[in-house]
Amino acid sequence: MVGGAGRVTRLTATVGGLVLAAVLILLFAPIASLWGQIGAGPWFGPGDLAAVRFTLVQSLLSATISVALAVPFARALMRRSFAGRRLVIALLGAPFLLPVIVAILGLLAVWGRSGLFSQISLDLGGPRLSIYGLGGVVLAHVFFNLPLVTRLLVQGWQAIPPERFRLAAQLGMGPRAVFQLIEWPMLRAVLPGAFLLVFLLCLTSFAVALALGGGPRATTVEVAIYQTLRFEFDLSHAARLALVQLGLGAAVVLLALGIARPTSFGRGLGRLPQRWDAPRRAGPDAAVVLLSVGFLVLPLGFVIVRGTQGLWAGPEVGLWRAAGISVALAGTSALVTALAALAIAGLVAGLPRGRGMLVEAAGLVMLATSPFVIGTGVFVILRPYVDPFAWALVVTGVINAAMSLPFGLRILVPALAAARANYGRLADSLGMTGWGRFRHATLPLIRGPLGFATGLAAALSMGDLGVITLFAPPDVATLPLYMYRLMGAYRMDQAAGAALVLLGLSLALFWVFGLLGGRHAHRV
Amino acid sequence: MIRPLLTAAVLSFGATLAQAQNPILTVYTYDSFVTEWGPGPAVETAFEEVCACDLRFVGAGDGAALLARLQLEGTRTEADVVLGLDTTLTTQAADTGLFAPHGLTPQGLTLPVTWEDTTFLPYDWGHFAFVYDNTKLTDVPDSFEALLAAEDLSIVIQDPRSSTPGLGLLMWVKAVYEDRAPEVWAALAPRIVTVTKGWSEAYGMFLEGEADMVLSYTTSPAYHLIAEEDPTKSAANFAEGHYMQIEVAGMLAGTDQPDLAQRFLEFMLSPAFQTVIPTTNWMYPAALPPADLPAGFDQMIQPARSLLIPADEIPALKDAALAEWLAALAG
């Protein structure tokens, strides 16, 4: 049953369709089950309103500040040539792989009440800095999203044909005119999408809000769901909050689909056009780059130094066990992501039109659905039949896999589409079908992107501190949870040691999967 | 060489059999109870010597989280006994229907109050207090009023939703000030450095010098005095009186080891358990004469009044008090 080039075989369609259906069930069945939990209580308590307000305020601030800082940063990167520029641009991708809890530890070391800047401030007779609350949550979100927006903007700048800058120079335009006539139209197209993406990511952010907020002044809806389940055991209340959260997310997705969409993941950035319009004085641009890089690198430096000291003093009991659990969990969940993404991408890549839109919409919906909403729903569904605690790691792994799926799809769909376009007809004419065709005509072409997608999923799952906080059996911990418990007991040295191990393992997993993909790509 | 190996094999087989025959008693408790420096290890050894059983402590979260965990697991829970709730939670816990009456008549209780609860039994108690470093803080408030007036004093407290000391402070303020509680929280709010999720985080911050005072217990200085020979920590004695915490344990209705669970509760009030408490949990044992307390405990402050809101009045009071607290601190 071979279809023509550009058509999908029945097998691919069946497998892809089944996997897609499974993902949709995973996303929506929990929400349906939560509807059933809703009792007669009022929809909003005063605490809930405060949580919604705080969630919106922090998302708005985080997105605004990330975008506002990213514009001068990206602009400086795209009009100045300096040593290490490529390294800086490569580093912009790093926070994506960074476990949130590790970043929080680093941020505490720099901005915390006994951190670097507090000490400097105290030495100068100033007050201690207070990182807990709105300020800390926004700070951490900017730390994660400034690089993301900067990357998107660098891509935007790169998409401007270099000829336009040359023409502007010929016409004698200054920086101001170039900004107004060339750069501003690009920013106007890219920024709304970038803003909404950051807004959406911050809306459902959990670990940051739990570690740096959580007090009555700074509770997000996601943290409120966690607290309701963990301390009050009020399923009905949790379900209402989960739906409020979903409603907020859906509203943002609708807005995002209505406005420009952020461009796809790009690798191989860094081409710098000749810029005649850059002001002669490079000082301001240099300051912007130095401050931004310092802001991003300093916390990581602290984690590495303190972590080395912590490990040197002797690792804590349970560290290696937690590390083992996490590696197994991340590896398995990454493979599930890769297989599911491959199955769905096979289906989508064969669709003639609208496939970009479809993937984009599905991805955004998955980003808007918080893991806690799913976790809560899965819990409610499972409870009558099995002990949900015994299945905590499995549930966590499946949810982690689903959360990485949008990224896997974005990477694999273009790769599969290209493979099909280039070699599809040849494979058809040779009568290659099924596994043999996949093994010899498809896999070699997509091995690199497949390795990249799997590595990314592994790193994301490795660093995840989400549903596991609620459902972990008392004697089982993933590495991020183990680290969070140490921080909760204020044992910062041991936590720093665990952070270094977590950071190392996340990067190692990403690197190993990338290598598996890369090496095979070379062999073929 | 074959004979010793065989003997070893038979012996280890015998040991496995003996273990398999020993019933397992699972006790859910808070995390700090089971740490190596907590009461858990010593209690486990002492009980296993007399019970012909395998006692398993499981750290399942603190305070309200411990109870929520139990509700989450419902009748599926493996727990036979829960140890570590306090009187601000007992009524709510009893209402879940998950607990069975203890069926015991406790003898020799040394609590400052009489005990009539038929579901839960106390194992230790203490008074909440603000602890400070007596080498740094000179102008120590001697009452709640003085604390409210000392506007430059920073404190760190725990979240009443997740921590029993945090909930204790909520009740303390309510017991002293009743309807004026919202004003008190409004006055305290600017001086609260942060609200932590649990006791150890708050106490750690205090030890790092991030606040002048921390909400803890009158007996906390005993830890520094006895375990670290460090006399620099003291608890402030408040004229209005100090709110009490009574920590309790209860057995579950669904336990498959009801006799063993009851024996554990009995053991809990015997000297073998009670003498472990002062220097591991740093609280007053519930059934041990004051004369038997270790040296150092005599230096702890003695509150002029013990405050305790009866357990059955707590649920009606708690939600309103929590709403007031949230309103004052969320602003």
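Is B:K233 buried or exposed in this model? At 13% relative accessibility, B:K233 counts as buried. Buried means under 20% relative accessible area, exposed means over 50%, and partly exposed lies in between, with a 1.4 Å probe and protein chains only.

This is a predicted model, in which local features need pLDDT of at least 70, side-chain atom pairs count only at pLDDT 80 or more, and totals for chains, interfaces and linings use all residues. Residues are numbered from 1 along each chain as its sequence is written, chains are lettered from A and ligands numbered from 1 in the order in which they are written, and side-chain values use heavy atoms, with hydrogens and water left out.

## Salt bridges

Side chains of opposite charge can pair when their charged atoms come close. A salt bridge is a side-chain nitrogen of Lys or Arg within 4 Å of a carboxyl oxygen of Asp or Glu. The structure holds eight of them over all chains.

| Salt bridge | N to O distance |
|---|---|
| B:D133 and B:K233 | 4.0 Å |
| B:D159 and B:R161 | 2.9 Å |
| B:D230 and B:K233 | 3.6 Å |

B:D133, B:D230 and B:K233 are linked in a network of salt bridges. B:D133 lies in strand β5 (residues 121–133) of chain B and B:K233 in strand β9, so their pair ties together parts that are 100 residues apart in sequence. Helices (H or I, at least four residues) and strands (E, at least two) are DSSP runs, numbered from the N terminus.

## Aromatic pairs

Rings of Phe, Tyr and Trp (its six-membered ring) pair if their centres lie within 6.5 Å; planes under 30 degrees apart count as stacked, over 60 as edge-to-face and the rest as tilted. A search of the whole structure finds 34 such pairs over all chains. One of them joins B:F144 and B:F238. This pair is edge-to-face, with 5.3 Å centre to centre and 65 degrees between the planes. B:F144 lies in helix α6 (residues 144–149) of chain B, and B:F238 in the loop between β9 (233–235) and β10 (242–252), so the pair ties together parts that are 94 residues apart in sequence. Both residues are buried.

Chain B also has an aromatic cluster. Its members are B:Y30, B:F33, B:F47, B:F57, B:Y123, B:F264, B:F267 and B:F273.

## A histidine in chain B

B:H242 sits in strand β10 of chain B. B:H242 is buried, with a relative accessible area of 0%. A polar atom of its side chain lies 2.8 Å from the backbone nitrogen of B:F238. Contact means heavy atoms within 4.5 Å. Leaving aside neighbours within four places in sequence, B:H242 is in contact with several residues, including B:H127, B:W172, B:N237 and B:R305.

## Inside chain A

The secondary structure of chain A comes to 21 helices and zero strands. Of its 524 residues, 54% are buried. Residues 24 or more positions apart account for 83% of the contacts in chain A with a separation of 6 or more.

A:H237 belongs to helix α12 (residues 235–258) of chain A. At 14% relative accessibility, A:H237 counts as buried. Its side chain makes a polar contact with the side chain of A:D48 at 3.0 Å. A polar contact is a pair of N or O atoms within 3.5 Å; within protein, one must be able to donate a hydrogen and the other to accept it, and residues adjacent in sequence count only if both atoms are side-chain atoms.

A:L197 is in helix α9 (residues 175–203) of chain A. A:L197 is buried, with a relative accessible area of 13%.

## Where the chains meet

The contact takes 36 residues from chain A and 33 residues from chain B. The two chains bury about 2900 Å² between them, 54% of it on carbon and sulfur atoms. Buried area is the accessible area (1.4 Å probe) that two parts lose on being put together, summed over both. Across this interface the rule finds zero salt bridges. It finds two residue pairs in polar contact, both at pLDDT 80 or more.
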